[in-house]
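Subject: Structure handover

Hello,

Here is the structure you asked about. Please open it first, then read my notes below.

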Amino acid sequence: MQYTLMMNGTPVTIVKNESMLAVNKGDGFEIMEVIPGLLYTLESDPNTIVRPTYYYVNDPDRQPLIANNECYVKFKSSLSESGKAAILATHQMEHLTGNYYTCTYDNAIETAVELQGNNNVFLAEPDLGTMVAFHSPSPTDQITADLFADQWTFENDGTKNQFTDLDALFTEGADAKIIEAWQQLGNLGDPNQTIMVCDDSFQIQHADFSPISRIVARKNIETDTEDVSPQGQERHGTPVFGIVAANTGGRVVGVLPNSKVVLAKFPSIIEARYIRKLVDLAIQYNVAVWTNSWGPSNPRWVRPTAIDDELRRAATEGRNGKGTVIVFSGGNDLRLLPTGSLAASPHVISVSAIGARNEVPVYSNIGCDIAGYSIFGAQPGVVTSDNIQPGGYNNAADYTADFGGTSAAAPLVAGVCGLILTANPNLTAIEVKQILRASATNIENYPPDASGYNTWVGHGAVNAFEAVRLAQNYNTSVTSATIIGSAGVPRTFKYGTSMDLGEYQTKSILLGAGKWSIIFYDKSKNAELYLAKDRRPNKLEGYEKVRSLSNTVASVLELEPDKTTRYYFTVNAKAGDINRYTILATLTQ
């Protein structure tokens with residue numbers, strides 16, 4: 001049986017697979033081939049859930065799609081309540097919550113198809129899910145000594161660690177600059193900040209999770225219980241947790257070792273109703289950052305509109321209206337990030353991987369927002385927590401030294417987002433994303449285009465130190481170029497532009513009387529800054545050069561007008577450079 005319908009603005013045709021079923025006997029869904037008598041046996045067991053499967057008509061691999069009994073429906077505003085009730089009665093649907101409605105498993109897709117043809121319905125989609133895939137390789141290693149010095153993603157000095165063979169595998173400075181960011185902040189992140197880690201399981205008995213009071217909530221998204229423990233081969237979540245939040249008392253340290261934590265165990269199927277539960281959890285516990293190192297196993301899967309709407313809800317309503325920052329790993333299929341994937345949602349930060357020599361690994365998906373540091377090939381890997389032996393990646397110890405994939409890159413970036421919010425908790429989720437992009441390090445072999453973007457590494461490699469500095473000087477209350485402040489009232493103007501080759505552009509700022517600190521950010525380290533006041537010169541020679549070519553990202557200029565004065569800033573890019581620049585003007589006294 002074949003159906004054609006719209007999913008998130010994309011026309012798709014799906015075919016019911018009569019030979020495959022999705023079966024859950026209590027430990028997650030698996031795909032089973034239909035054999036004589038199987039369906040009767042399964043349906044006779046009250047503890048077993050059976051669902052039909054489908055596949056895209058153009059998918060030669062027939063990767064399974066699974067539908068539940070929910071439809072996501074938006075009626076046109078002109079439709080009366082009685083008209084809505086009549087439609088629901090005709091299709092035997094019941095209201096669940098918000099725009100969600102229930103129907104029978106066998107009828108959900110047919111119902112959506114019929115509703116899409118109804119002129120009174122704005123949108124109707126089935127909750128068509130796919131199997132989940134966790135984005136890391138399968139590491140094995142031996143642990144022999146204390147490990148913080150081996151966490152090269154935090155600080156890379158260009159020399160080998162105890163788990164690698166050659167210095168040549170490392171390039172000094174190819175790291176996320178976590179330690180520098182801690183030093184800039186003067187702390188290891190806000191202990192009152194809550195992050196949410198969503199993954200396959202967590203072994204909370206591991207020493208890196210202590211004290212247990214840090215864990216403000218545990219939620220099994222499928223069973224609605226507090227059981228987030230590993231079952232069978234589940235071992236992915238503990239290493240992810242270690243990267244972002246391992247405490248300071250163990251052998252590794254997370255980016256946010258003092259933060260509060262919500263642990264969410266995700267099912268084996270990606271469905272909108274499960275994403276809805278995650279968003280409810282994030283809002284309930286005022287989650288600042290939510291990290292996910294997983295995505296759809298089917299690259300052809302089209303993300304339902306309901307999932308986008310749920311992610312938008314978290315990104316705008318979470319954190320008391322400032323928005324929860326949502327991070328997703330991009331995947332390890334060495335392909336352009338599929339437009340239908342979770343990481344491609346406009347409401348999240350998507351993360352690709354980059355290795356210890358600032359080279360894109362052979363596995364990483366591309367087309368993401370930003371690159372996080374992770375394993376390149378066989379080594380060097382990421383050192384992190386592991387399930388207590390023998391249940392983890394490393395059967396010899398409770399830590400692993402070659403975790404990797406975009407699964408390792410995403411929690412690193414999520415941790416940096418937490419440091420940004422430590423520096424400035426008033427930032428919105430959108431502003432965190434902007435700061436992450438603006439502060440990222442340009443990679444020599446992957447030059448950005450005029451917009452500051454490169455398909456291989458996004459906006460560059462994550463740079464916690466520069467992100468924290470930018471956040472500390474970012475005032476969200478000022479949105480225009482006119483700044484007339486009074487003494488003692490700090491205010492900030494942010495200016496970003498893309499430069500054409502060899503050209504310069506000018507922006508003006510009206511500064512009130514007082515002492516001002518002007519910070520100029522130049523990611524490429526090869527642009528000059530010029531200044532004039534009261535009038536705009538017609539030629540570059542009419543400006544005063546206040547910053548020459550430099551090997552630093554940020555430069556500081558002090559100005560002290562005795563009255564309201566208009567200043568003109570001009571950025572002159574070094575020939576051949578295309579980059580994005582940021583100017584922050586802060587009234588300090």
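Helices H8 and H9 cross in a right-handed way. A crossing is right-handed if the near helix is turned clockwise from the far one by less than a right angle, and left-handed if anticlockwise. The contact uses Val-413, Val-416, Cys-417, Ile-420 and Leu-421 of H8. From H9 come Val-432, Ile-435 and Leu-436. Contact means heavy atoms within 4.5 Å. Helices (H or I, at least four residues) and strands (E, at least two) are DSSP runs, numbered from the N terminus.

Before going further, note that this is a predicted model: local features need pLDDT of at least 70, side-chain atom pairs count only at pLDDT 80 or more, and totals for chains, interfaces and linings use all residues. Residues are numbered from 1 along each chain as its sequence is written, and side-chain values use heavy atoms, with hydrogens and water left out.

Two packed helices are described by the angle between their axes and the distance between the axes. For H8 and H9, the angle is about 110 degrees and the axes are 10 Å apart. Axes are lines fitted to C-alpha atoms, for helices over the stretch in contact, and angles run from 0 to 180 degrees between N-to-C directions. H8 and H9 are therefore roughly perpendicular to each other. Angles under 35 degrees count as roughly parallel, over 145 as roughly antiparallel, 65 to 115 as roughly perpendicular and the rest as oblique.

H8 (residues 405–423) also packs with H5 (residues 237–245). Here the angle is about 30 degrees, and the axes are 8 Å apart. So H5 is roughly parallel to H8. H5 passes H8 in a right-handed crossing. On the H5 side, Val-240, Ile-243 and Val-244 take part. They meet Ser-407, Ala-408, Pro-411, Leu-412, Ala-414 and Gly-415 in H8.

**Buried places**

How many residues of H5 are buried? Nine of the nine are, so H5 is largely enclosed by the rest of the structure. Buried means under 20% relative accessible area, exposed over 50%, and partly exposed in between (1.4 Å probe, protein chains only). The buried residues of H5 pack against strands E9 (194–199), E11 (260–265), E18 (382–385) and E19 (399–403), and against H8.

Lys-433 sits in H9 (residues 429–439). Lys-433 is buried, at 17% relative accessible area. Leaving aside neighbours within four places in sequence, Lys-433 touches Pro-346, Val-348, Ile-349 and Asp-369. Lys-433 and Val-327 are 106 residues apart in sequence, and their C-alpha atoms are 9.9 Å apart in space.

Thr-130 belongs to strand E8 (residues 121–134). Thr-130 is buried, with 0% relative accessibility. Beyond neighbours within four places in sequence, its contacts include Pro-64, Ile-66, Ser-268, Asn-298 and Trp-301.

**The whole chain**

The protein chain has 10 helices and 28 strands. Of its 589 residues, 58% count as buried. Among contacts with a separation of 6 or more, 73% join residues 24 or more positions apart.

Now the confidence. The chain averages a pLDDT of 85, and 86% of the residues score at least 70. Over residues 476–504 the pLDDT is below 50. Beyond near neighbours in sequence, that stretch has 95 contacts in the model. The pLDDT is the predictor's confidence in each residue, from 0 to 100. Where pLDDT is low, the predicted coordinates should not be read in detail.

Best wishes
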